[in-house]
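Welcome, and please open your viewer. We will go from the whole chain to single residues, one selection at a time.

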Amino acid sequence: MKESFHYMLMVTQAVFHKKLLTGLQGTGLTLGQPKVLDYLREHDGSNQKAIAAACHIEPASLTSVLGGMEQKGLIERKSLNGNRRSLHVFLTQKGKEMVQYVEKEFSELEAQAFSELTVEERDAFLTAFHKIFETITAYERTNETWKN
């Protein structure tokens, strides 16, 4: 019997996340921090609102995640152009080193996940999954209700 899409997606995400946190053991990173580091890798200096939206984290939760990252010396928050209401988040040197470590873990897990697929199967899967991702996240971006 084949499992449903939602079940496979939830289990895959849970196992992937568990393996990621196991691989990052000893780094002090907590839930949510690897995703933020991964985002900042390409978007260093983003404001907190953009990070929350891109990482699909509630702003209040992101504040807590960033606070922990700041305590660990991974990021620093600065106001730009005297605007104290909008803080921008920058990776520190230690944060940039942690980004490389996290990226290595992500790459190894992805290699394991795709190890049983041919290059063509992987590419076809990623193309189809990207369409699913765009469909689902489009509703979140527009605050529309996803119709059944």
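What you see is a predicted model, in which local features need pLDDT of at least 70, side-chain atom pairs count only at pLDDT 80 or more, and totals for chains, interfaces and linings use all residues. Residues are numbered from 1 along each chain as its sequence is written, and side-chain values use heavy atoms, with hydrogens and water left out.

Now turn the model around. The C-alpha trace spans about 55 × 40 × 25 Å along its principal axes. Of the 148 residues, 26% count as buried; buried means under 20% relative accessible area, exposed over 50%, and partly exposed in between (1.4 Å probe, protein chains only).

Next, show the surface and look for the largest pocket, which has a volume of about 2200 Å³. Select Leu9, Gln13, Lys35, Phe129 and Phe133: of the 45 lining residues, these are the closest to the pocket's centre. A pocket here is an open set of points on a 1 Å grid over the protein atoms alone, where a 1.4 Å probe fits, with protein on both sides within 12 Å along at least five of seven lines; lining residues have an atom within 4 Å of a point. For the volume, grid points are joined across faces, edges and corners, and the space filled by probe spheres set on the points is taken.

Which helix gives the most to this lining? Colour H6 and you have it, with twelve residues. Helices H1 (5-23), H2 (33-43), H3 (48-55), H5 (93-113) and H6 (119-142) each supply at least two lining residues.

Stay with helix H1 and select Met10, which is placed there. Is Met10 buried or exposed? Met10 counts as exposed because its relative accessibility is 51%.

For the last stop, move to helix H2 and pick Gln33. Gln33 counts as buried, because its relative accessibility is 1%. Leaving aside neighbours within four places in sequence, show what Gln33 is in contact with: Gly28, Val65, Gly68, Met69 and Lys72. Contact means heavy atoms within 4.5 Å.

Notes:
Helix = DSSP H or I, 4+ residues; strand = E, 2+ residues; numbered from the N terminus.
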